[in-house]
Amino acid sequence: MIKILMVCLGNICRSPLAEGILKSKMNPQNFLIDSAGTAAYHKGNAPDKRSIEVARKYGINIADQKARKFTIKDFDTFNYIFVMDDRNYQDILMLARNQKEESKVQMILNEIHPTQNLSVPDPYYGANQGFEHVYTMLEEACEIIANKLS
Ligand code: 4NP
């Protein structure tokens, strides 16, 4: 079983989309895919309505996800930890206890643009169009991840 964790700040906008998109491409018998936030602001909440809507538009249901905060134990559970932006990267890396754990953490857009360390913009305070833009980026990144790992 390969285990993949998607991480953003609130776990209600970007990482739930990344989780839903990647799940739609992978066989659940072989892959465990989850998401978490570096902050607990929205713990237990469903994803942002705008993320639910844009996913639904592309045939993906993320409405049943519940936000949770990243914990150090996630380093034990997951093989790959994809973060959405450079702040998430710093926050998660700070928690890593050794080099092996550090090496699990990757900027998700490096799958599309290797070594460029580009961030998925936080759409929370923006317009709906931001969610469409985020969806497109995550769809492309997840397609690459799916091809690599399956
Ligand atoms: P996310 O977006 O990290 O993509 O889930 C955010 C959601 C909530 C907040 C910030 C970003 N917030 O400040 O509450």
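Modeller: Start with a cut-off: buried means under 20% relative accessible area. Bear in mind that the model is predicted.

Biologist: Why is Thr-38 called buried?

Modeller: Thr-38 has 16% relative accessibility. The limit is under 20%, so Thr-38 counts as buried. Thr-38 sits in the loop between E2 and H2.

Biologist: What is Thr-38 in contact with, leaving aside neighbours within four places in sequence?

Modeller: Val-7, Cys-8, Leu-9, Lys-69, Asn-88, Asp-91 and Ile-92. Contact here means heavy atoms within 4.5 Å. One of these residues, Val-7, has Ala-36 in E2 as its bridge partner.

Biologist: How do you know that E1 and E2 pair?

Modeller: Pairing needs at least two bridges. E1 and E2 have 7, in the parallel sense. H6 packs on the sheet and touches E1, E2 and E3. The direction of H6 makes about 160° with that of E1.

Biologist: What is the strand order of the sheet, and what makes E2 and E4 its edges?

Modeller: The open sheet runs E2-E1-E3-E4, with parallel pairing. E2 and E4 each have a single partner strand, so one side of each lacks a neighbour in the sheet. The twist averages 25° from one strand to the next.

Biologist: How does the reach of H6 compare with the span expected at 1.5 Å a residue?

Modeller: H6 has 22 residues and reaches 31 Å from first C-alpha to last.

Technical notes:
Residues are numbered from 1 along each chain as its sequence is written. This is a predicted model: local features need pLDDT of at least 70, side-chain atom pairs count only at pLDDT 80 or more; totals for chains, interfaces and linings use all residues. Side-chain values use heavy atoms; hydrogens and water are left out. Helices (H or I, at least four residues) and strands (E, at least two) are DSSP runs, numbered from the N terminus. The expected span of a helix is 1.5 Å times one less than its number of residues. Buried means under 20% relative accessible area, exposed over 50%, partly exposed in between (1.4 Å probe, protein chains only). Axes are lines fitted to C-alpha atoms, for helices over the stretch in contact, and angles run from 0 to 180 degrees between N-to-C directions.
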